[in-house]
Structures are given as structure tokens and as C-alpha cells.
Amino acid sequence: PLPPMAPPEIPRAQLQNIDNSSRFTIALNRADFFVSSINATLEPSDIESFYRDLQSFSEILLSKIGISRLGLVGRMCKLSTDPASEISSSLLKYKSDELFEASIKFVERHVAERFTYNDSFQFDQGIKLDTQQKILLVTRDINTVPEIPLTVSLEIITCFCSLAKERLDKKYINKVMGA
């Protein structure tokens, strides 16, 4: 058990599907859904399975507690011989032969359909643990803003997921990277 003074963002419960490709965590101030792939890439069937699990988890969640904020996070990576320089040269005017590490985050604010939401792009470097290869890691976090609470229903979750699903696409990353 967690002490009452534990930070509200620490998960209080976790659910995951049988192959661990979808995971759901519940904290006092947020609920998060995660999808990953056992394969090298996320296949369309992985994504569809995630959205089916999301629907099931949402039904469970809505029957027990209230939700006032929604978010979907996607992480994508690509092999890169020098991710720090790739981030720097694509996103900044900064150049350095001694550049060791780079991390940058952009947050856009949008109003669409029934939502005001943040759409963030975070670019980091990392290491693929199984091969020790360098990677460029892109995290997309699309979430409703905390200052405008929602009254969430299954219809609202489905609508938000459709909106976020369109934006969790490589074309948006390529646009930001100048490709």
C-alpha cells in the first residue's frame, strides 16, 4: 500500500492484457494506456488490438470512477548513427562537433471537436538494449488540458481516441523534422 501522502501521479493499480502488449495504469489524478509490440515494428493488428483493449479498459474505468482528462502517448524510434546531431540539425540551428546528447520538446495547443488538447513532440536519443544500437526516440503525447475538465463518457473517449489516432502518425513527425 502507498502512504496517503504519496504523489497523486504514482499508479495505484495496473491492468495488462495477456501478452503485455497493452497496459493500463490508474493513479489518483490520471489513467494511462500504453501499447507496445513484441515485433520490431508496431503492426496494424497491434494498433487495432490496443484500441479494442482501450475500449474494454474504458468501460471498466467508467463504471468505477470519474475521469476528467484524457491522453494517449505513442513512442516511435528509428535507428540513427548520431541521434543527437540528427535532432540538432533537423530542429535547431545549433551545430557542434562535441554534441553528446540532445533532447527537445514542442507542445502545440489545439481546439477541435469537443476538446482543447495539447499535442507534444519530444525528441530524445537512446540505445536499443538488445542490439546496443543508437536510436532517435520520438514521444507523442496528446492530452486534454487540465484547466478544462471533461465529463467523460465512452462516447467522449471514443471521439478523443479517433482524434488522437489521426495525429499519432509519422507524417506529423516528418513535418516537424523538416522531412
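**View 1. The largest nonpolar core of this predicted model has 22 residues.** A nonpolar core is a set of buried Ala, Val, Leu, Ile, Met, Phe, Trp, Tyr and Cys residues joined through side-chain atoms within 4.5 Å. Buried means under 20% relative accessible area, with exposed over 50% and partly exposed in between (1.4 Å probe, protein chains only). Leu 54, Leu 70, Leu 72, Phe 115, Val 152 and Phe 160 have the most contacts inside this core. At least two of its residues come from each of helix H1 (44–64), strand S6 (115–128) and helix H3 (154–167). H3 gives the most, seven residues. Helices (H or I, at least four residues) and strands (E, at least two) are DSSP runs, numbered from the N terminus.

**View 2. Leu 54 and its contacts.** Neighbours within four places in sequence aside, Leu 54 is in contact (heavy atoms within 4.5 Å) with Phe 33, Leu 72 and Cys 161.

**View 3. Another core, of twelve residues, lies apart from the largest one.** Its members include Ile 87, Phe 121, Val 138 and Ile 173.

**View 4. Thr 25 sits in strand S2 (residues 22–26).** Thr 25 counts as buried because its relative accessibility is 5%. Leaving out neighbours within four places in sequence, its contacts include Pro 11, Ala 13, Arg 30 and Phe 34.

**View 5. Strands S3 and S5 in terms of pLDDT.** pLDDT is the predictor's confidence in each residue, from 0 to 100. The mean for the protein is 81, and 92% of its residues reach 70 or more.

**Notes.** Residues are numbered from 1 along each chain as its sequence is written, and side-chain values use heavy atoms, without hydrogens and water. In this predicted model, local features need pLDDT of at least 70 and side-chain atom pairs count only at pLDDT 80 or more, while totals for chains, interfaces and linings use all residues.
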